[in-house]
Amino acid sequence: GASGGIGQPLSLLLKNSPLVSRLTLYYIVHTPGVAADLSHIETRATVKGYLGPEQLPDCLKGCDLVVIPAGVPRKPGMTRDDLFNTNATIVATLTATCAQHCPEAMICIIANPVNSTIPITSEVFKKHGVYNPNKIFGVTTLDVVRANAFVAELKGLDPARVNVPVIGGHAGKTIIPLISQCTPKVDFPQDQLTTLTGRIQEAGTEVVKAKAGAGSATLSMAYAGARFVFSLVDAINGKE
């Protein structure tokens, strides 16, 4: 999904990081152009684009970490579950190739519905005999990013210094922000807390409606995806 709505800004953020040494981009269209564009940026990472299923194995060989934002976005009136039939097939196909060509890589799934695409990925890796539950991740960091931004906005705080733990899944009521555990400590009246929790849970729908059929959250998702990737790379490098 490297040349898609999430893939392009995510690729830019990864290219901009000194943590990344090699960036390989894959999609069914436009990746050579995106790669050429990114390769002109004066940062460390080398960039190469791969196009179409026959080039996917070469794209994956030697990767320590794979991010999959591929799939169709939501439109107004759709839930994440409505994406299942299309995106489940895409994720199953891509992760099967990962299991064959980079079985030791960390796999980060952004494609929705994450609550379903993660079990699919796990089953694909089990089928290929290379399943490691410590290396398959559903990227739900956007829920944390949103919670931090919304709490900071309401309390007049610096969002960079706010940390709201969010547990559960990545759809509606399964998103559970633990505002009582926020750092720094914050307090809200019950009615405001209920409204805030609901906004965090339905923030994706807020963006889908605002874009009026032109897509779903892409820029904020790319930011959250990059943030998660950088945490994993830090871990690979031994940072606690």
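Trainee: Why is R199 called partly exposed in this predicted model?

Mentor: The relative accessibility of R199 is 31%.

Trainee: What makes the contact of R199 with E153 a salt bridge?

Mentor: The closest N and O atoms of R199 and E153 are 3.6 Å apart. A salt bridge requires a side-chain nitrogen of Lys or Arg within 4 Å of a carboxyl oxygen of Asp or Glu, so the pair qualifies. This pair links distant parts of the chain, with R199 in helix 7 and E153 in helix 6, 46 residues apart.

Trainee: Why is E153 called exposed?

Mentor: E153 has a relative accessible area of 56%. Exposed means over 50%, and therefore the term applies to E153.

Trainee: How do you know that R199 forms a salt bridge with E206?

Mentor: Their closest N and O atoms lie 3.1 Å apart, and the cut-off is within 4 Å, so R199 and E206 form a salt bridge. E206 is partly exposed, at 35% relative accessibility. Through shared partners, salt bridges join E153, R199 and E206 into one network.

Trainee: What makes K126 and E123 a salt bridge?

Mentor: The closest N and O atoms of K126 and E123 are 3.3 Å apart.

Note on methods: Residues numbered from 1 in each chain as written. Predicted model: local features only at pLDDT ≥ 70, side-chain atom pairs only at ≥ 80, totals over all residues. Heavy atoms only, no water. Helix = DSSP H or I, 4+ residues; strand = E, 2+ residues; numbered from the N terminus. Buried < 20%, exposed > 50% of the residue type's maximum accessible area, 1.4 Å probe, protein only.
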